[in-house]
Amino acid sequence: MTDGSKTDASITDGSPVSRRRTFAIISHPDAGKTTLTEKLLLFGGAIQLAGEVKAKKNRVSARSDWMGIEKERGISVVTSVMTFEYADCVFNLLDTPGHEDFSEDTYRTLTAVDSAIMVIDAAKGIEARTRKLFEVCRLRDIPIVTFINKLDRESRDPFDLLDEIEKTLALDTAPVNWPIGRGRSFAGTYDMAKNTVRRLDADDEAQPVNGPDSPAVLEMLPDHERDAFSEEIGLAMGACRPFELKPFREGHLTPVFFGSALRNFGVRDLIDALAAFAPPPRGQDADTRRVEAEEPRMTGFVFKIQANMDPNHRDRIAFMRVCSGRLSRGMKAKLVRTGKPMALNTPQFFFARNRAIADEAWAGDVVGIPNHGTLRIGDTLTEGEDLLFRGVPSFAPEILRRVKLQDAMKAKKLREALQQMAEEGVVQLFLPQDGSGAIVGVVGALQLDVLKERLLAEYGLPIDYEQTRFSICRWITSDVRHDLESFISKNLSSIADDLDGAPVFMAASPFSLRYDEERAPAIRFSDIKDYQVRDKAA
Ligand code: G4P
């Protein structure tokens, strides 16, 4: 890795933790996330040429794109996490899957970041998926930096776009720069706080100017657009809120940058902003206490598992966010769920094209830990302390299907394969207590296709799906053990065990679920299940 810029000593205090910026990019498909990722990596010197991240030529749809990427395992390594250095900071960019479905994978990834870049297509504004991802960020008050992309194309009025962000997301905006022209006449941006200009055709430092009406600015535009621009930027400078660090860090205000990822324009301002404003690793809540990033002892949680990245080895990589302390290669960590020690002999860092053994990692870093099924999503690793990080929950699936095996002789193998897929978080697995066939649950339909394809490719198991009479499920608990047991025995044909053996009640419709809920006041029906420790012998 090379350092892509000069160092700004004021950005960090030099400690490893203060230098970390762990972030994700959230956007609607096609807004430009892949293009921006490439350009960010270019700045960090992590890749030589734009285009290397991309494996999406010939794509027909987002769906086939994802499948294609999954087939080329090398590429999927690239997209999970990418580390690069710039401006004295170490950036960990966590990729959220690019397909249209909202998946739990996406949610979990966002539990592991400290900030996010929201990319908006300047012609389209806020789109459905952006809104959904933003809501997930809001749950944790993750600070958002906004990049309004594709200014080189015909786009909407900037005030309109800012207004839309404020109204639909209830998020204050502070435009940092302002576009000089749009579409064909897009010529650069004006930094409203610094009074500098960055020209589209010059890849150099921003130039200081004497205000937005100065000839140096106006001559960038065609004659007939100059008056309108003067009026517009005058209004923007008078009416828009200036950037302030505190509300940004609290997740209430977003600095907005206009640019074009394709033209590599505005990306430097964006990455400089991340280095300067985005928070270093934040403390994380665990069941017993809050763990601060600067604490000396290592802790971390697994937010993603990826299997079979190397087709020659049946290895699985658990992606762990280090939450505190220093992880050093070879150290013994405690897997809190089982209480057993685990040697971290080959933790890995991921770059744009390759991976490398991590000799040490700090809070905010994401390391891949190869294992053969020992680690699960949500697992906490510590240097001995018994604590569990919160924030990697399971969501009640929105689609339930029974898995039908084409070759009945392979039932045992299917059971094992489903268990592994569920541990990886591809699907949720429910085993009905009446002994009928396994039911899988997913949040988005794409996950069903992925499961089917992977069972065939990796386990040689052709399967089909069958409708079940259930369409909805809830985890059930009760303060009184006897109440729960009696509810379960009365409703046995509607009860299944999840991967951890926790009881789940399945209903035919939301209406019938409500009916059952009303008749069983002692039972809690929950659509979210927090990660829990199971019996230590598991
Ligand atoms: P995504 O990952 O968010 O889905 O978006 P991606 O970067 O793949 O960009 C979607 C399309 O938008 C691509 O065109 C890309 O080249 C284009 N694009 C991204 N940023 C800009 C920009 O700043 N200006 C303009 N004009 N276009 C931009 P494509 O034709 O679908 O793909 P490709 O053939 O160029 O790869």
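How many aromatic pairs does the count come to? The count comes to twelve aromatic pairs, where rings of Phe, Tyr and Trp (its six-membered ring) pair if their centres lie within 6.5 Å. The structure is a predicted model, in which local features need pLDDT of at least 70 and side-chain atom pairs count only at pLDDT 80 or more, while totals for chains, interfaces and linings use all residues. Residues are numbered from 1 along each chain as its sequence is written, and side-chain values use heavy atoms, with hydrogens and water left out.

**Chain totals**

- The protein chain has 15 helices and 33 strands; these are DSSP runs numbered from the N terminus, with helices being H or I of at least four residues and strands being E of at least two.
- The protein chain has 538 residues, of which 57% count as buried (buried is under 20% relative accessible area, exposed is over 50%, and partly exposed is in between, with a 1.4 Å probe and protein chains only).
- Among contacts in the protein chain with a separation of 6 or more, 71% come from residues 24 or more positions apart, contact meaning heavy atoms within 4.5 Å.

**Aromatic cluster**

- Phe 23, Phe 84 and Phe 91 are linked into a cluster by ring pairs.

**Packing of α2 and α11**

- Helix α2 (residues 33-43) packs with helix α11 (residues 267-277) at an angle of about 70°, and their axes are 10 Å apart; the axes are lines fitted to C-alpha atoms over the stretch in contact, and angles run from 0 to 180 degrees between N-to-C directions.
- α2 is therefore roughly perpendicular to α11, a class that covers 65 to 115 degrees, with angles under 35 roughly parallel, over 145 roughly antiparallel and the rest oblique.
- On the α2 side, the contact is made by Leu 36, Lys 39, Leu 40 and Phe 43; on the α11 side, by Val 267, Arg 268, Leu 270 and Ile 271.
- The contact of α2 with α11 has six nonpolar, two charged and no polar residues (Ala, Val, Leu, Ile, Met, Phe, Trp, Tyr, Cys and Pro are nonpolar, Asp, Glu, Lys and Arg are charged, and the others, Gly among them, are polar).

- Most residues other than glycine have a negative phi.
- Asp 141 is not a glycine, yet has a positive phi of about 50°.
- Asp 141 sits in the loop between α6 (128-139) and β5, and is partly exposed at a relative accessible area of 39%.
- Ala 170, also a residue other than glycine, has a positive phi near 50°.
- Ala 170 sits in the loop between α7 and β6 (172-175), and counts as exposed at 54% relative accessibility.

**Leu 151**

- Leu 151 belongs to the loop between β5 (144-149) and α7 (158-169), where Leu 151 is buried with a relative accessible area of 2%.
- Not counting residues up to four places away in sequence, Leu 151 touches Ala 122, Pro 179, Arg 182, Gly 183, Phe 186, Phe 258, Gly 259 and Ser 260.
- Leu 151 and Phe 186 are 35 residues apart along the chain, with their C-alpha atoms separated by 6.7 Å.

**Two helix glutamates**

- Glu 166, in helix α7, counts as partly exposed at 31% relative accessibility.
- Apart from neighbours within four places in sequence, Glu 166 is in contact with Leu 171, Asp 172 and Thr 173.
- The C-alpha atoms of Glu 166 and Leu 253 are separated by 9.3 Å, and these residues are 87 apart along the chain.
- Glu 416, in helix α12 (residues 411-424), is partly exposed with a relative accessible area of 46%.
- Glu 416 lies 43 residues from Tyr 459 in sequence and 9.8 Å from Tyr 459 in space, C-alpha to C-alpha.

Definitions and conventions: Rings of Phe, Tyr and Trp (its six-membered ring) pair if their centres lie within 6.5 Å; planes under 30 degrees apart count as stacked, over 60 as edge-to-face and the rest as tilted.
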